[in-house]
Amino acid sequence: MGSLSLNYIVRRLLVFFLTLWVAATLIFIIPRLAPGDPITAMVARMSQQAGFVENADLIIEGWKERFGLNDPVYVQYLRYMGNLLRFDLGLAMARFPSPVSQLVSRALPWTIGLVGIATLIFFTVGNLFGALLAWTKTPKLVKVLIPMSMIFTSIPPLLAGLLLVYIFGFLLDIFPQAYAYHHSFREPEFTLKFIGSVLHHGFLPAMAIVLVTFGYWALGMRGMMVTIEGEDYMILAQAKGLKPFYVLYRYMIRNAILPQMTALAVSIGTLVGGSVLVEVIFNYNGMGTLIFTAIREQDFNLIQGTSFILIVTSALAVLIIDLSYPLIDPRISLEGK
Amino acid sequence: MSEQNNSGSDRIVLNVDNLRIHYATPQGDVIAVSDISFKLYEGETLGLVGESGCGKSTTAYGILQLVQPPGYIVHGSIEVEGTEVLDLTEEELRKFRWTGLSLIPQGAMNSLNPTMRVKNQIIDVIESHEGKANYEPFKDRLIAFLRKIRRPSRKEPLRKYLGEWQRNLTLLLRYEPLKERIFDLFQQVGLPNRIYNMYPHELSGGMKQRVCIAMGVALHPTVVIADEATSALDVVVQRIVAQTLVEVKDEIGVSLIVIGHDMGLLAQIVDRIAVMYAGKMVEIAPVENVYANPLHPYTQLLIDSIPSIKERKPLKITEGITHDPRNPPSGCIFRLRCPFAWEHCALEEPPQIIVEEKHEVACHLFDEQFEERRSNAFAAIANS
């Protein structure tokens, strides 16, 4: 016990693939519910710029034919699903002829890096602060300071982002206002200077996510800690004369963190969604910005591709947390029998 | 009745004097324990009984310095072998805990940390008090390990040779110097060795209780307090676990306080019984006296209310403590429910009257000057 059972893994994987299928279907349907289509939108844009496009109708028809948009919906759906199975996300319509997979593979690492590091920070800081808020031996000063640090919790990440850009990017001018790395680098490279630049650029967007999020985790953790403090084993731990710090992490945090892990798994989807806006504000070249432009340009293929990849990564993150759960909570593996 | 008569020792290991514990509430303090005093002798088992809410658990937690807020100790003195527990600093108290006083908790079901293996929960208490000094340094173990390396001989089967490697590697990497000691503890309380690596949820209720007993005696404390240690178990397991408790206690020679409301079970295992009522200790007596000849009117009613499996009899005692615990009645605390109460009971609080050695009772009836009233009252009871 305390390990994974095969049954549990299989069941969990089935849920994983079911999630992907439902998500893929939804992201196929939803863009098609909006009026208009990508080709018309693109040609309209072109004609706005040029004033007039000759044979616009013919161009639209030709491209629609080429992208298969004239086929019945179920044919489009089956072709889309078949392509997905082969990891073929098609060509971006608005940025023809770049394949969607190429655009995604350029943007995805940035988002994973940004959201991953932000998650790591707010989960650690949030839980630590929450634990300290509830712990009876925390210094009074800390207990006063922590709630004050949580004032950002009630504002949306969008506003926090704007505020941070204004203060640190514009007024103080210590952090860059946009992009993931300095424009003097034409391509990402593995040098210390480049990594430094990435960290420097990533700080504000990451902070925008962390500031508005960690308060929730701190409050959740505090609640769990208070519950744990009333448990019988806490009285015994005290009676045993264990060192207070050992009791804090081995008896309290260790048990209080379990529901927090579940909550993290559930909230990963929201998190990725929230990071889209932050990326757009900071013009960060990740998935958020990509998906934003894709929606603006009504690029079906790109919307489908980016959304699908985001869903795959979120579902994968949830899967990893779920599979690691029996390793964290020894009682869980019983369920897999 | 208790067979063992090791209450002979007169050395006092625990002396509780004038202990008072309140629970703060917005409507005023609830008096949970009201100026109680008692002594625990070396090697003795003392039973602490009373109704729910009479303050027996609070007394125990008071002695252990574990009264949870909003409870607090108002005044009193708790001396364990000459150490005044209330005067210890926080760090001194931490070190004193479990070596001086240990606890076998109420509801052992939830008293073990669910995310820690049984072994680690016993190891942590040993290590936090004795330190990791008994660990052989890794360097020495590595040298010993390297010395043991040899080439396989021709005739030797490969499996045997690899087995030796595995054993040596285990000794090097998973060195567990406390394993034998924990196995000894398991044996003392009748636990199988296989639970060493298990988690609490994999054990039965009786086993968890035994783990708690093993843990409680691991450091050979002066006094062990068992707080309703058996109340969550069925009668058979209850009896076995209680027996284990007494055996372990005799084996390592600690003094024991058993808190419970199961008078029948306590009769089997304790030497003396202290009866509490509404935060007061009304009678403390050798167990034979309490059952054969209870003196305090409350003790009499309590003994009378023990259900018999041979006959059905009506309940004489009314349920619950009747007065407001924030404003106890004047004089004797029990007078509102006492069948023998008279005017004098409201005037003066009865002192602890020593009727014979190790037998004290707090009731005016046993005052010399009310001799006549007592014989009349008891005669009336006997006639009815």
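Student: What makes β1 and β2 of chain B paired strands?

Tutor: Two strands pair if DSSP finds at least two bridges between them. Eight bridges join β1(B) (residues 12-23) to β2(B) (residues 30-41). Eight meets the cut-off, so the two count as paired. They run antiparallel. B:L14 stands opposite B:L40, and B:I21 faces B:V33. Strands here are DSSP runs (E, at least two residues), and helices are runs of H or I of at least four, numbered from the N terminus.

Student: What kind of model is this, and how do I read its labels?

Tutor: The model is predicted: local features need pLDDT of at least 70, side-chain atom pairs count only at pLDDT 80 or more, and totals for chains, interfaces and linings use all residues. Residues are numbered from 1 along each chain as its sequence is written, while chains are lettered from A and ligands numbered from 1 in the order in which they are written.

Student: What lies between β1(B) and β2(B)?

Tutor: Six residues, and the two strands form a hairpin. In the turn, B:G28 has a positive phi of about 115 degrees.

Student: Why are β2 and β5 of chain B called edge strands?

Tutor: The open sheet has four strands in the order β2-β1-β4-β5 (chain B), with antiparallel pairing. β2(B) and β5(B) (83-84) each pair on one side only.

Student: Which helix packs on that sheet, and what does it touch?

Tutor: Helix α1(B) (residues 56-63) touches β1, β2 and β4 (71-80) of chain B. Contact requires C-beta atoms, placed from the backbone, within 7 Å. The direction of α1(B) makes about 65 degrees with that of β2(B). Axes are lines fitted to C-alpha atoms, for helices over the stretch in contact, and angles run from 0 to 180 degrees between N-to-C directions.

Student: Why do β6 and β11 of chain B each have one side without a neighbour in the sheet?

Tutor: The other open sheet has eight strands in the order β6-β7-β8-β3-β9-β10-β12-β11 (chain B), with mixed pairing. β6(B) (101-104) and β11(B) (353-356) stand at its edges with a single partner strand each, so one side of each lacks a neighbour. The twist averages 25 degrees from one strand to the next.

Student: How do you know that β11(B) pairs with β12(B)?

Tutor: Three bridges join β11(B) to β12(B) (residues 359-361), and the strands run antiparallel. At least two are needed, so they pair. B:I354 has B:E360 as its bridge partner.

Student: Which part of chain A gives the most to the side that touches chain B?

Tutor: α9(A), with six residues. In all, 21 residues of chain A are in contact with 23 residues of chain B. The chain A side divides into nine nonpolar, four polar and eight charged residues. Ala, Val, Leu, Ile, Met, Phe, Trp, Tyr, Cys and Pro count as nonpolar, Asp, Glu, Lys and Arg as charged, and the others, Gly among them, as polar.

Student: How many helices and strands does chain A have?

Tutor: Twelve helices and zero strands.

Student: What share of chain A counts as buried?

Tutor: 33% of its 337 residues. Buried means 20 or more other C-beta atoms within 10 Å of the residue's own; exposed means 12 or fewer, partly exposed in between, with C-beta atoms placed from the backbone.

Student: Where are the domains of chain A?

Tutor: Domain 1 covers 1-94 + 300-337, and domain 2 covers 109-296. These bounds come from an automatic or database domain assignment. Their centres, taken over C-alpha atoms, are 28 Å apart.

How values were computed. Contact = placed C-beta atoms within 7 Å.
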